[in-house]
Amino acid sequence: MENTQKLLVTSSPHVRSKRTVHKEMLDVIIALVPAGIAAVYFFGYRALILILASVLTCVLTETIFNKATKRDNTIRDLSAVVTGLLLAYNVPCTLPVWQIVIGAIFAIAVVKMPFGGLGQNIVNPALAARAFLLASWSSNMSEFVSPQRVDLLSTVGDVSVVSSATPLSDPASYKIMDLFLGNIPGSLGEVSALALLIGFIYLLIRKVINIKMPLIYILTATVLGGLFQGFDNILGYILSGGLLLGAFFMLTDYTTSPVTPKGQIIYAVLAGLLTAIIRSFGGYPEGVSYSILLANLVVPIIEKYTRPKVFGVDYSKQKGVENE
């Protein structure tokens, strides 16, 4: 008599993994820590206050939204913390605290949760909130100061705080080593390329992201930027502004980036192209935020035309049915 064995077959997918949303977000938070430490080191305690205000507001807003709409509280997945960190990293240290609080509320209550929460928002909440803040308080969002110990109560109007040109608007004024370490004016999380690279390497080791999209994005933006503006300071072009922050932590957002291999290439090239165009011909020297936001909006179209054909499906018949 042959031995028989019963097999239990459940519905697909059958691939299992120990990775969870909580673990993925925790890895992103850990990867963002070096940039936060660099921000506090270069800009003082005010940077820490802005980071904490942004994170706490995002978490509190998501909690209140879930309670008001009678949903399960989703703050344990840590995505609200990631949004708060990324938003804080995209503002200058002199931004009033109440403004970043409004930006954090906008990110969660307007951009993320009304669409269904994590995994369903159509654009990156932190970048959308940055664009909102820039449109609402453009002068405050454009006031950058040289690294210094900015006092907790300092504002742009204080005599102790002197506005400085960013490397993007005056690239010849800064040494490459200062750009690499972070001894430059800029938003909190974008100044230190070294800190961002440490976080990026950590994400690669943990296999949270792969190198394809960031590399294609940076190469596209750099080559086109060089063609538009010249290649005399190309390394400074890469290390200046939010190019690395956007490439490593926002372009690769699972929710707002394509899942198809071809789609990821098109998406990264498009974002790089837009970045180079805005930086070279736009009225604002930085183009990373808007380029990624615009690329986010066309992701559904990119995926529609790059998704692989399903084996065994007669697409000609499907088209015939649709035409009827």
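Tutor: A salt bridge is a side-chain nitrogen of Lys or Arg within 4 Å of a carboxyl oxygen of Asp or Glu. The model is a predicted one, and the structure holds 3 salt bridges.

One of them joins the side chains of Arg 206 and Asp 27, with N to O at 3.1 Å. Arg 206 lies in the loop between helix H8 (193–205) and helix H9 (212–229), while Asp 27 lies in helix H1 (residues 21–43), so this pair ties together parts that are 179 residues apart in sequence. The two partners are placed as follows: Arg 206 is partly exposed, with a relative accessible area of 39%, and Asp 27 is buried, at 3% relative accessibility.

Another salt bridge pairs Glu 62 with Lys 112, whose closest N and O atoms are 2.8 Å apart. Glu 62 belongs to helix H2 (residues 45–68) and Lys 112 to helix H4 (residues 97–112), so the link is between parts 50 residues apart in sequence. Glu 62 has 0% relative accessibility and counts as buried. Lys 112 is buried too, with a relative accessible area of 3%.

There is also a salt bridge between the side chains of Glu 286 and Arg 279, at 3.0 Å from N to O. Both Glu 286 and Arg 279 are buried.

Arg 279 leads on to a helix pair. It is one of the H12 residues that meet H13. The axes of helix H12 (residues 261–281) and helix H13 (residues 288–297) come within 8 Å and cross at roughly 140°, and the crossing is right-handed.

Leaving aside neighbours within four places in sequence, Tyr 217 is in contact with Ala 271, Thr 275, Val 288 and Ser 291, among others. Its contacts also include Leu 243, Ala 247, Leu 251, Ala 268 and Gly 272.

Tyr 217 belongs to the largest nonpolar core, which has 83 residues; Leu 188, Tyr 217 and Phe 249 touch the most other members. The largest share of this core, 10 residues, comes from H1, the helix that also carries Asp 27 of the Arg 206 pair.

How values were computed. Residues are numbered from 1 along each chain as its sequence is written. This is a predicted model: local features need pLDDT of at least 70, side-chain atom pairs count only at pLDDT 80 or more; totals for chains, interfaces and linings use all residues. Side-chain values use heavy atoms; hydrogens and water are left out. Helices (H or I, at least four residues) and strands (E, at least two) are DSSP runs, numbered from the N terminus. Buried means under 20% relative accessible area, exposed over 50%, partly exposed in between (1.4 Å probe, protein chains only). A nonpolar core is a set of buried Ala, Val, Leu, Ile, Met, Phe, Trp, Tyr and Cys residues joined through side-chain atoms within 4.5 Å. Contact means heavy atoms within 4.5 Å. Axes are lines fitted to C-alpha atoms, for helices over the stretch in contact, and angles run from 0 to 180 degrees between N-to-C directions. A crossing is left-handed if the near helix is turned anticlockwise from the far one by less than a right angle, and right-handed if clockwise.
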